[in-house]
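Please examine the sequence and the three-dimensional structure shown here. The paragraphs that follow lead through the fold step by step.

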Amino acid sequence: MSKKEVILRIKPPITGLRSDSEVFRYDAFKCPSCQGRGYFTKNNEYHGSAGDDIDITDCHRCNGTGRLCANIVIRWMPDEVMGDFNTKK
Ligand SMILES: [Zn+2]
């Protein structure tokens, strides 16, 4: 079965400051907690009661929207820690 995925290729910008950051936002991901419904239902029916006693609560993860977004921040900085690591034998 086909599956939609988002791939972010990371490459430092040609020009920039010593410490730059980039922000990417990807939206319209279906909330996996509520399966995109935005809410949960709980049937309070018990044996012999009416079947229309249902509680509906919003999904707290997606705030009832049924969707999530990814806010990705990349901070570019000198690779000093890795540089020290690479010079140690
Ligand atoms: Zn949700």
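The term pLDDT denotes the predictor's confidence in each residue, on a scale from 0 to 100. This is a predicted model, in which local features need pLDDT of at least 70, side-chain atom pairs count only at pLDDT 80 or more, and totals for chains, interfaces and linings use all residues. Residues are numbered from 1 along each chain as its sequence is written. The protein has an average pLDDT of 85, and 83% of the residues score at least 70.

Helices (H or I, at least four residues) and strands (E, at least two) are DSSP runs, numbered from the N terminus. The protein contains 1 helix and 4 strands, arranged from the N terminus as β-β-β-β-α. Among these elements, strand β4 (residues 67-76) has the highest mean pLDDT, 94, whereas helix α1 (residues 80-87) has the lowest, 62.

Two strands pair if DSSP finds at least two bridges between them. Strand β2 (residues 39-43) and β3 run antiparallel and are joined by 5 bridges; phenylalanine 40 stands opposite threonine 57 in β3.

A residue is buried if 20 or more other C-beta atoms lie within 10 Å of its own, exposed if 12 or fewer, and partly exposed in between, with C-beta atoms placed from the backbone. Of the 89 residues in the protein, 1% are buried.

Glutamate 5 is located in the segment before β1 (20-30). Glutamate 5 counts as exposed because it has 5 C-beta neighbours inside 10 Å. From C-alpha to C-alpha, glutamate 5 and phenylalanine 29 are 9.8 Å apart in space, and they are 24 residues apart in sequence.
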